[in-house]
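Hello,

Here is the structure I promised to pass on. Please open it first, then read my notes below.

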Amino acid sequence: SVQTPLSTLSRQRPDSLEAFWMPFTANRQFKAAPRLLVRAEGMYYHDVDDRPILDGAAGLWCCNAGHARPRIVQAIQEQAAQLDFAPPFQMGTPLPFVLAQRLAALAPASLNHVFFTNSGSEAVDSAMKIALGYHRLRGEGQRTRFIGREKAYHGVGFGGLSIGGLPNNRKAFGPLLAGSDFLRHTLDLSRNAFSPGLPRHGAELAEDLERLIALHDASTIAAVFVEPIAGSAGVILPAPGYLQRLREICDQHGILLVFDEVITGFGRVGNAFAAQRFGVTPDLLTMAKGLTNGAVPMGAVLVSDAIHSAYMQGPPGAIELFHGYTYSAHPLACAAALAALDTYAAEGLFDRAIELGEYWQTRLHSLRGLPNVIDIRNFGLIGAIELAARKDAPGSRGYEVFERCFRDGQLLVRCTGDVIALSPPLIIDTDQIDRIVDVLGEMIRATG
Ligand code: PLP
């Protein structure tokens with residue numbers, strides 16, 4: 001039989017949806033009424049029926065410069081033709097060296113070294129290993145405990161799960177890494193509901209770290225991991241001063257502070273990283289998603305000079321870190337990342353979340369008062385509308401709004417439980433912000 005060309009297969013409904021086990025998806029529900037995207041450009045996806053779908057989620061917090069950006073497309077095409085793959089162990093290619101230097105220049109001053117991975121999950125697990133190895137090299141190998149935070153998401157590796165605070169992600173997978181403990185989360189609707197921007201209350205929750213230090217002793221703790229803004233749990237913002245206080249406490253006790261910036265990196269909150277927007281510098285910083293504008297999988301860990309130099313002390317012929325992935329610093333990912341950074345710079349996209357922040361905030365908060373809306377949160381170009389959970393069916397209202405937005409409103413949003421999370425590409429304009437808010441309002445009313 002004549003094979004259907006790939007260009008046709010990628011645009012039509014597949015014959016069968018059975019074999020693909022979809023990630024983080026209600027497979028049977030989805031396959032009964034699939035939502036299939038076939039192409040994208042700028043602010044819009046197009047679905048299999050060629051309906052334009054406004055992207056209110058930057059894909060999945062990834063495509064900060066919007067879709068199919070010419071520089072990135074061209075970089076990937078050219079790199080694929082020039083060098084598809086090369087071994088990354090004891091061999092090198094030029095681009096990761098250039099990219100690492102570019103990332104170091106974008107990052108806070110003390111973060112000058114980059115370890116490449118293929119995802120956010122791998123970046124988190126790599127940062128955990130780098131932290132453990134660092135303490136061991138300094139003769140503090142008893143520092144093996146990690147502190148995460150309730151409601152945190154650090155990916156799905158066994159490391160990231162061990163410091164993640166989302167019960168559904170953890171409960172099926174056994175005891176995970178021994179000894180991890182958790183800061184209290186900072187979501188507090190009773191004091192902070194409908195706060196424009198950062199919440200007023202909650203900086204004192206950083207003192208919770210002192211409680212865990214008193215319990216476990218600082219000498220057992222390797223690192224504290226936090227997302228400056230948690231995304232996957234439904235957008236949880238820090239009160240001013242909270243991250244600063246975590247930094248102080250970590251410094252007092254020789255504990256490393258790690259920011260997981262997988263969603264906050266690359267302009268999402270203005271500046272390259274949230275570390276800069278909040279004025280707090282971590283010892284390690286994980287990233288992914290916007291690193292390549294989502295175009296090729298890639299993650300990375302930014303590493304401080306102090307940690308890196310602790311590793312560079314042994315005999316020069318010794319491998320300093322027994323860790324790496326076949327696809328670390330993949331040539332296609334490096335090309336995509338360099339072109340993404342060029343696009344961000346050429347279009348001033350790291351300023352957009354600040355330029356548009358006030359308009360975004362005002363428009364989002366205009367949804368206050370709609371049925372079942374119990375909180376609205378925003379910072380940078382991040383937004384969240386929290387809906388009251390239905391009795392006995394938590395998550396169903398959020399899912400219904402998400403589904404209606406796609407089907408009836410031609411708008412892609414993200415729902416996590418009953419929170420509608422928004423993170424549009426940074427190229428969004430005010431008319432498109434209006435459209436997101438209008439569609440959401442209509443669908444929230446229709447859902448009831
Ligand atoms: N860390 C954070 C803060 C994230 O938001 C995510 C993904 O959403 C991850 C880690 C995991 O990244 P990945 O899905 O690329 O493994």
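Asn372 counts as partly exposed, because it has 18 C-beta neighbours inside 10 Å. Keep in mind that this is a predicted model. Asn372 sits in the loop between H16 and S11. Its phi is positive, about 70 degrees, although Asn372 is not a glycine. Most residues other than glycine have a negative phi.

Lys289 is another residue to look at. Its phi is near 40 degrees, again a positive value in a residue other than glycine. Where is Lys289 found? It lies in the loop between strand S9 (284-287) and strand S10 (299-304). Is Lys289 buried or exposed? Lys289 counts as buried, because it has 28 C-beta neighbours inside 10 Å. The cut-off for buried is 20 or more.

Now the overall picture. The protein chain has 18 helices and 15 strands. Its C-alpha atoms fill a box of roughly 60 × 60 × 45 Å along the principal axes. The radius of gyration is 22 Å, which agrees with the value near 22 Å for a compact globule of 448 residues. Buried residues make up 48% of the 448 residues. Of the contacts with a separation of 6 or more, 72% join residues 24 or more positions apart.

Next, the domains. The chain divides into domain 1 (6-65 + 350-447) and domain 2 (73-346). Their centres, taken over C-alpha atoms, are 26 Å apart. The contact takes 32 residues from domain 1 and 28 residues from domain 2. On the domain 1 side, the elements that give two or more residues include helix H3 (58-61), helix H16 (357-365) and strand S11 (373-379). Which element gives the largest share of that side? S11 does, with six residues. The residues on the domain 1 side divide into 16 nonpolar, 10 polar and six charged. H16 and S11 are also the elements on either side of the loop that holds Asn372.

Best wishes

Methods. Residues numbered from 1 in each chain as written. Predicted model: local features only at pLDDT ≥ 70, side-chain atom pairs only at ≥ 80, totals over all residues. Domains from an automatic or database assignment. Contact = placed C-beta atoms within 7 Å. Helix = DSSP H or I, 4+ residues; strand = E, 2+ residues; numbered from the N terminus. Nonpolar A, V, L, I, M, F, W, Y, C, P; charged D, E, K, R; others polar. Rg over C-alpha atoms; globule rule 2.2 N^0.38 Å. Buried ≥ 20, exposed ≤ 12 C-beta atoms within 10 Å, placed from the backbone.
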